[in-house]
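Biologist: Can you walk me through this model? I'd like the overall picture, then some details.

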Amino acid sequence: MEHITLLLAIVVVTALVFDFTNGFHDTANAMATTISTGAMKPKTAVAMSAVLNLIGAFLSVEVAKTISGGIVNEDGIRTEVIFAALVGAILWNLLTWLLGLPSSSSHALFGGLIGAAVMSAGWSSINGGTVVTKVLLPAIAAPLVAGIAAMLATRLTYRINRNVTDPNQLKSTAKGYRAGQIASAGLVSLAHGTNDAQKTMGIITLALVTSGVLAPGSNPPMWVIVSAGVAIALGTYLGGWRIIRTMGKGLTDLQPPQGFAAQTSAATVILASSHLGFSLSTTQSCSGAVMGSGLGRKGGVVRWSTATRMFVAWGLTLPAAGLVGAGAEFLTKQGPWGIAVTAVILVGGSFAIWLASRRQPVDHTNVNDTDGSDEPQGVVTTAIAAVQPPPAGAPASDLMTTIPAPASAPDDPARPPAKV
């Protein structure tokens, strides 16, 4: 700690600020479905998620080692590069939060780091193989695997209970699924702390290595683990209500069995990837699981207009954060005044986004006020609705149908003569 310079201290604080934004940006991953189905009250849900995020931060350091010694070459990377990378990640996180889009905080961090490193030392500073195998491939596979697993789990859940018709049994089953949903939400929160808190640990460790405080390949010190865990827990408790609304109500209408299936599937994928050191996006995993559970229920549909905006945000995250990170690094290369200007841009941009969010505030009191009914139906949703069988029951009393008689040829001998 005695070798930490002013610049390194600024980088550490900025990394913890990113960790804080990561917490409230990704609260929806664990708690959106639990809140939307009424399994837990909003403030209680985010409080439980915050505690489990903190606990999860202490379970593993595999992802942290992937970031601190895998994505970029530590040789030749200056501490200013880490600062520039964090600027790009924080601003993208805040912008997507303002828009209510569940984009990946992980990819924002990776994009900022890659853009800043390329601006500083060229493309040779990037370990392309690690980026492909540990970042890009998991980004494609995670939502697909989680979505398919959630869809199958949802179908299995409804099939098991298809013969339950007694009202008391139905009520008891619903309570059981709500309890299971709370447990699975806790598992997602634990997995989120295990995976995402480590990303900040890896960034701080990389900054310590580039400053000569730690030897290359070192594990994160205990004070780094503790501070990263506390920062992400505080951000989680704040609650990213805009994204919670999108995940819980904007993508599909969830029932407790679907919420249970979605969260269990997502938690399994996240914990498995953390154990293997794959730094995947918990946002993409959970979003894929929510969409899969929406398609898994008979009659359930996904609001593809919302999903499309989310997919676009996913695709833009790496390059957009990379461009901001590269621009920030261009400034920091100019010397102390450039670092100061970059810090002013970060603070000013963050404040401007916060002011914009106050125009239409979303918090725990109105997070469930919308059900997505104002969303225009996409082509897929309309097609699915068109092939749904009509409800059984008696026809409406005011419904009249006229069936015209088939026309006959004029010389048809079987046709009786017309009466005049």
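**Contacts, charges and packing**

Modeller: Start with the contacts, meaning heavy atoms within 4.5 Å. Among those joining residues at least 6 apart in sequence, 87% link residues at least 24 apart. This is a predicted model: local features need pLDDT of at least 70, side-chain atom pairs count only at pLDDT 80 or more, and totals for chains, interfaces and linings use all residues. Residues are numbered from 1 along each chain as its sequence is written, and side-chain values use heavy atoms, with hydrogens and water left out.

Biologist: How many helices and strands are there in the chain?

Modeller: The chain has 15 helices and zero strands. Both are DSSP runs numbered from the N terminus: helices are H or I with at least four residues, strands are E with at least two.

Biologist: What percentage of the residues count as buried?

Modeller: Of the 420 residues, 51% do. Buried means under 20% relative accessible area, exposed over 50%, and partly exposed in between, with a 1.4 Å probe and protein chains only. The accessible surface is about 19100 Å², and 67% of that belongs to carbon and sulfur atoms. Those areas come from the Shrake-Rupley method with a 1.4 Å probe; for residues, only the protein chains shown count as cover.

Biologist: Charges next. How many salt bridges does a search of the whole structure find?

Modeller: Two. The rule is a side-chain nitrogen of Lys or Arg within 4 Å of a carboxyl oxygen of Asp or Glu. Arg78 pairs with Glu80, closest N and O atoms 3.2 Å apart. Arg78 also pairs with Glu329, at 2.4 Å between the closest N and O atoms.

Biologist: Which parts does the pair Arg78 and Glu329 tie together?

Modeller: Arg78 sits in the loop between α4 (62-69) and α5 (79-99), and Glu329 in helix α13 (residues 304-332), so the bridge ties together parts 251 residues apart in sequence. Through shared partners, Arg78, Glu80 and Glu329 form one network.

Biologist: Is Glu329 buried or exposed?

Modeller: Glu329 is buried, at 0% relative accessibility. Glu80 counts as buried too, at 17%. Arg78 is partly exposed, with a relative accessible area of 30%.

Biologist: Now the packing. Which residues touch the most other members of the largest nonpolar core?

Modeller: Ile71, Ile82, Leu86 and Leu113, in a core of 86 residues. Helix α5 gives the largest share, 13 residues. Such a core is a set of buried Ala, Val, Leu, Ile, Met, Phe, Trp, Tyr and Cys residues joined through side-chain atoms within 4.5 Å.

Biologist: What does Ile82 touch?

Modeller: Leaving out residues up to four places away in sequence, Ile82 touches Val11, Ile77, Leu113, Ile203, Leu206 and Ala207.

Biologist: And where is Ile204 found?

Modeller: In helix α8 (residues 167-210). Ile204 is buried, at 1% relative accessibility. With the residues up to four places away in sequence left out, Ile204 touches Val12, Ala15, Leu16, Trp223 and Val224. Ile204 and Leu16 are 188 residues apart in sequence, yet 8.6 Å apart in space, C-alpha to C-alpha.

Biologist: Last topic. Which residues line the largest cavity?

Modeller: Ala28, Asn29, Ala30, Thr33, Met247, Ala262, Gln263, Ala266, Cys286 and Val290. The largest share of that lining, four residues, comes from α2. A cavity is a set of points, on a 1 Å grid over the protein atoms alone, where a 1.4 Å probe fits but cannot get out; lining residues have an atom within 4 Å of a point.

Biologist: How much space lies in the largest cavity?

Modeller: About 60 Å³. Grid points are joined across faces, edges and corners, and the volume is the space filled by probe spheres set on the points.

Note on methods: 1 Å grid on protein atoms, 1.4 Å probe; cavity = no way out; pocket = protein on both sides within 12 Å on 5 of 7 lines; lining within 4 Å.
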